[in-house]
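Hi,

Here is the structure I promised to pass on.

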Number of protein chains: 2
Amino acid sequence: LKAIVFDGRNSHFATDLPKPLPEPGESLIQVELAAICNTDREILKGYRPDYRGVLGHEFVGIVRESPDPSLLNRRVVGEINLTCGLCLYCSSGRPHHCIERRALGINDKNGAFAGYLTLPTSLLHPVDEALPAEKAVFCEPLAAALRITEQVEFAPGTPVALLGDGRLALMICQSLAATQDVDLTVFGRHPEKLALFSPYAKTFGAIDTEDTFEVVVDATGNPASLSDAIALTRSEGTLVLKSTYAEKAHIDISMVVVREIRMIGSRCGPFKPALELLQTGKVDLPPLTCFAPEDFKKAMESKTFKAALDFRS
Amino acid sequence: LKAIVFDGRNSHFATDLPKPLPEPGESLIQVELAAICNTDREILKGYRPDYRGVLGHEFVGIVRESPDPSLLNRRVVGEINLTCGLCLYCSSGRPHHCIERRALGINDKNGAFAGYLTLPTSLLHPVDEALPAEKAVFCEPLAAALRITEQVEFAPGTPVALLGDGRLALMICQSLAATQDVDLTVFGRHPEKLALFSPYAKTFGAIDTEDTFEVVVDATGNPASLSDAIALTRSEGTLVLKSTYAEKAHIDISMVVVREIRMIGSRCGPFKPALELLQTGKVDLPPLTCFAPEDFKKAMESKTFKAALDFRS
């Protein structure tokens with residue numbers, strides 16, 4: 001089995017891994033494509049020093065063994081959080097915050113950079129025949145972008161600022177444009193990237209803090225942007241935090257208090273509406289760049305919108 | 001007129017100020033008591049270098065001139081924010097965030113540390129005859145404590161942690177105990193102060209981050225406490241920020257994002273329910289310590305629960 005394995009410090013390409021054995025309730029999935037996420041890069045930088053195993057958590061594949069016969073030989077995408085079903089969070093409608101949570105390719109569960117993976121069958125979502133693997137693989141990060149729409153209520157015409165012009169920002173931009181009646185402004189530093197956003201939003205290259213917005217989404221991945229994000233948020237407005245980074249951020253809390261700003265952390269999101277947006281073409285992201293698993297290191301250095309390992313050959 | 005005047009750097013006791021003239025729509029109030037707030041101390045430390053004028057914003061007094069005859073010779077308390085009525089915030093239900101906002105004793109409006117003050121009549125709230133000035137003067141800070149109940153919905157039995165054992169914390173503790181069915185735990189560093197909280201809450205001297213709470217209120221006034229406050233907040237829980245301070249806070253934003261914590265700034269609150277709590281005795285705070293206006297500097301150094309200047313003599 002071809003796989004990218006993390007030993008706690010480095011990754012290596014392996015060919016001698018055995019095919020994984022599904023646990024009770026799990027299905028066996030033959031991976032078609034597995035995309036590279038910034039979290040994978042963070043793990044290689046030391047974000048998850050306790051993790052040992054196969055990397056990767058954004059995938060599309062074909063079910064080869066399953067307790068649910070209707071799934072056999074179907075193309076699926078899969079949620080990444082394995083939960084206990086019993087803890088405080090599982091029993092109060094917050095299973096993705098399960099205390100005993102394991103996460104595909106991130107925490108105590110072999111991931112998707114491999115010819116095969118196993119996952120609890122309840123986490124799998126069949127994909128329409130018409131949706132190619134190259135598009136379906138965007139489901140997990142698009143679901144994370146859609147999480148915002150579960151957390152924030154957007155009144156019609158709400159002025160929204162999106163900070164960032166990377167991959168996550170583009171998914172947030174497209175998913176907000178597709179699902180909400182909002183007045184969207186994007187702030188980014190790379191004019192060549194902002195062109196991708198222009199059909200969906202008013203765009204600007206630089207922040208003018210005279211302008212303020214009811215909702216601001218920080219997807220810059222940069223703690224230095226947080227002061228701008230706070231300044232752009234209206235009093236009693238909402239600042240959605242999508243970026244994770246190792247460094248601490250320095251915040252003027254008095255401004256948050258005096259202006260009564262709401263700051264909301266936002267992470268994994270709903271797969272069903274994400275798949276729906278991909279299947280109806282309402283979200284249409286730039287093409288994926290595929291690499292052979294052997295070329296993992298090259299894929300990690302790729303600056304394209306989205307790089308993926310192709311396990312189909 | 002006796003008054004405490006701020007010149008942008010220092011304060012001095014003055015006796016030669018003329019009685020203020022009410023502007024159209026304003027009432028003239030003879031101040032009985034004006035309490036000292038931490039904001040007054042922050043102004044003297046440089047928090048509001050542009051302010052010039054009489055300090056003080058927590059007061060109770062008697063209306064002596066008013067366009068509303070029913071208020072004449074009535075004891076009143078008063079809201080402190082003077083608003084334009086026209087701006088984005090005034091026209092969207094957020095007048096206390098008015099862009100042109102002036103604030104009594106803080107921003108472009110002479111304050112309450114004086115024998116007389118003027119305020120727009122619409123900001124005045126008459127006090128029941130039975131409520132003495134010594135209790136009515138708690139209305140403004142108690143309203144700020146009650147602001148939390150406007151911002152957060154508390155399900156019955158919600159576990160709530162309150163960080164801090166100062167004056168604002170005690171008002172938050174009593175107002176939550178009086179108005180919400182919550183399971184309240186107080187964390188503070190001063191055992192002698194925590195005794196004041198014990199009828200209303202389970203109390204602890206030290207933070208154990210194994211325990212978590214659906215709602216955490218930070219009223220410590222200390223940016224170093226914010227990490228504890230985040231650690232104590234459950235995933236998808238709410239952290240209410242009540243403390244303002246000049247220093248920046250250093251925050252692990254990734255923890256806020258991954259655990260999807262909501263952080264809400266919280267400031268001024270509703271006077272009517274605050275007065276109601278004082279008038280019904282449902283909130284009953286330790287006695288005020290009164291000082292003559294001449295003894296302002298001594299009053300500022302007072303370590304009692306609440307110090308006030310007494311202008312009745």
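Predicted model: local features only at pLDDT ≥ 70, side-chain atom pairs only at ≥ 80, totals over all residues.

**What turned up**

**How the two chains relate**

Let's start with the overall arrangement. Two copies of a chain are related by a rotation about an axis and a shift along it.

**Aromatic pairs**

Searching the whole structure over all chains gives eight aromatic pairs. One of them is Phe187(A) with Phe213(A): the ring centres are 5.8 Å apart and the planes stand at 80°, which is over the 60 degrees needed, so the pair is edge-to-face. Phe187(A) belongs to strand β12 (residues 182-187) of chain A and Phe213(A) to strand β14 (residues 213-218) of chain A, so the pair ties together parts that are 26 residues apart in sequence.

Another pair to look up is Phe138(B) with Phe305(B). Their ring centres are 6.0 Å apart and the planes are at 50°, so this pair counts as tilted. Both residues sit in loops of chain B: Phe138(B) between α2 (133-136) and α3 (139-151), and Phe305(B) between α9 (296-301) and β19 (307-310), so the pair ties together parts that are 167 residues apart in sequence. Phe138(B) is buried with a relative accessible area of 3%, and Phe305(B) also counts as buried, at 13%.

**A lysine over a tyrosine**

In chain A, the charged end of Lys19(A) sits over the ring of Tyr116(A), 4.5 Å from the ring centre. Chain B has its counterpart: the charged end of Lys19(B) is over the ring of Tyr116(B), 4.5 Å from its centre.

**A three-stranded sheet in chain B**

Chain B also has an open sheet of three strands, in the order β2-β1-β4, with antiparallel pairing. Which strands stand at the edges? They are β2 (11-14) and β4 (53-54) of chain B; each has a single partner strand, so one side of each is left without a neighbour in the sheet. Strand β1 (residues 3-6) of chain B runs antiparallel to β2(B), and four bridges join them.

**Two residues with positive phi**

Most residues other than glycine have a negative phi, but here are two that go the other way. Asn73(B) has a phi near 65°, a positive value. Asn73(B) is found in the loop between β5 (58-65) and β6 (75-78) of chain B, and is exposed, with 54% relative accessible area. For Asp108(B), phi is near 60°, again positive. Asp108(B) is in the loop between β8 (102-103) and β9 (116-120) of chain B, and is exposed as well, at 52%.

Cheers

Technical notes. Residues numbered from 1 in each chain as written. Chains lettered and ligands numbered in written order. Heavy atoms only, no water. Phe/Tyr/Trp six-rings, centres within 6.5 Å; stacked < 30°, edge-to-face > 60°. Buried < 20%, exposed > 50% of the residue type's maximum accessible area, 1.4 Å probe, protein only. Lys NZ or Arg CZ within 6 Å of the ring centre and 35° of its normal. Pairing = 2+ DSSP bridges.
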